[in-house]
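Consider the structure shown below and work through the exercises on helix packing and core composition.

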Amino acid sequence: IFEKETRVLLGSRFRLSFSIGIVLYLMFSVLDWFFARDQWWEFFALRVVVAAIAGLAMGLSLTKWGERNVLPLSFFTLSVAAFVLSMMTSMLQGFSSEYFYGIMLVLYLVGMFMPWRPGITLTFCFVVMGGYFSSNLWMHNLELDAVLPFFFLLGTSALTTMGSMAVERSRRRDLEQRLQLEDANEQLQELDEAKTSFFANVSHE
């Protein structure tokens with residue numbers, strides 16, 4: 001029951017968050033114009049590609065296949081969004097670029113909207129941080145400037161994972177209480193039926 005409810009909830013949260021996220025992802029091209037004007041067209045093209053992938057993923061989530069595979073679908077799409085932001089940082093000043101704040105927003109989105117299991121959330125955080133550091137080390141040397149994004153991304157990952165753990169515990173507790181309440185209602189209904197049957201027999205006699 002819990003897994004089925006999780007898939008349904010994830011599907012609705014996935015579509016809600018991405019309908020908002022696509023708009024915000026494209027709107028940040030305004031920021032690119034002021035802070036990365038030389039790469040504006042490249043960045044805008046990357047943002048459009050990510051938005052297109054997210055839109056396709058939202059459409060697929062409405063299909064039977066998408067309903068069954070909404071977890072890998074959401075994981076893949078958010079990983080692509082975070083990796084493109086990592087590429088943008090490497091195309092700018094590397095570890096000195098403040099574009100890593102965009103990656104933090106992706107992590108916050110996961111913590112707020114995605115009802116993933118804590119292990120999945122933790123894996124996603126490692127993938128995102130790995131993508132950020134690998135893409136920047138590919139084009140830049142490891143510098144002291146890497147300390148700031150490392151601690152911010154690590155802290156955000158920790159908060160996101162702990163939030164995921166708290167949400168899962170809360171959802172499991174709520175489900176357990178609902179099942180107990182349904183069981184109690186069934187017992188009361190059976191008792192009421194038995195009482196009605198007893199009085200009917202007494203009245204008949």
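The model is predicted, with local features requiring pLDDT of at least 70 and side-chain atom pairs pLDDT 80 or more, whereas totals for chains, interfaces and linings use all residues. Residues are numbered from 1 along each chain, and side-chain values use heavy atoms, without hydrogens and water.

**Exercise 1.** Determine how H1 and H5 pack.

Step 1. Helix H1 (residues 2-27) and helix H5 (residues 70-91) pack at about 25°, with axes 10 Å apart; helices are DSSP runs of H or I with at least four residues, and axes are lines fitted to C-alpha atoms over the stretch in contact, with angles from 0 to 180 degrees between N-to-C directions.
Step 2. H1 is therefore roughly parallel to H5 (angles under 35 degrees).

**Exercise 2.** Classify the arrangement of H3 and H5.

Step 1. The angle between H3 and H5 is about 175°, and their axes are 10 Å apart.
Step 2. H3 and H5 are therefore roughly antiparallel (angles over 145 degrees).
Step 3. By class, the contact of H3 with H5 (heavy atoms within 4.5 Å) has 15 nonpolar, one polar and two charged residues. Nonpolar means Ala, Val, Leu, Ile, Met, Phe, Trp, Tyr, Cys and Pro; charged means Asp, Glu, Lys and Arg; the others, Gly among them, are polar.

**Exercise 3.** Which element gives the most to the largest nonpolar core?

Step 1. The largest nonpolar core has 41 residues; such a core is a set of buried (under 20% relative accessible area, 1.4 Å probe, protein chains only) Ala, Val, Leu, Ile, Met, Phe, Trp, Tyr and Cys residues joined through side-chain atoms within 4.5 Å.
Step 2. H5 gives the most to this core, with nine residues.

Key: Helices (H or I, at least four residues) and strands (E, at least two) are DSSP runs, numbered from the N terminus. Angles under 35 degrees count as roughly parallel, over 145 as roughly antiparallel, 65 to 115 as roughly perpendicular and the rest as oblique. Buried means under 20% relative accessible area, exposed over 50%, partly exposed in between (1.4 Å probe, protein chains only).
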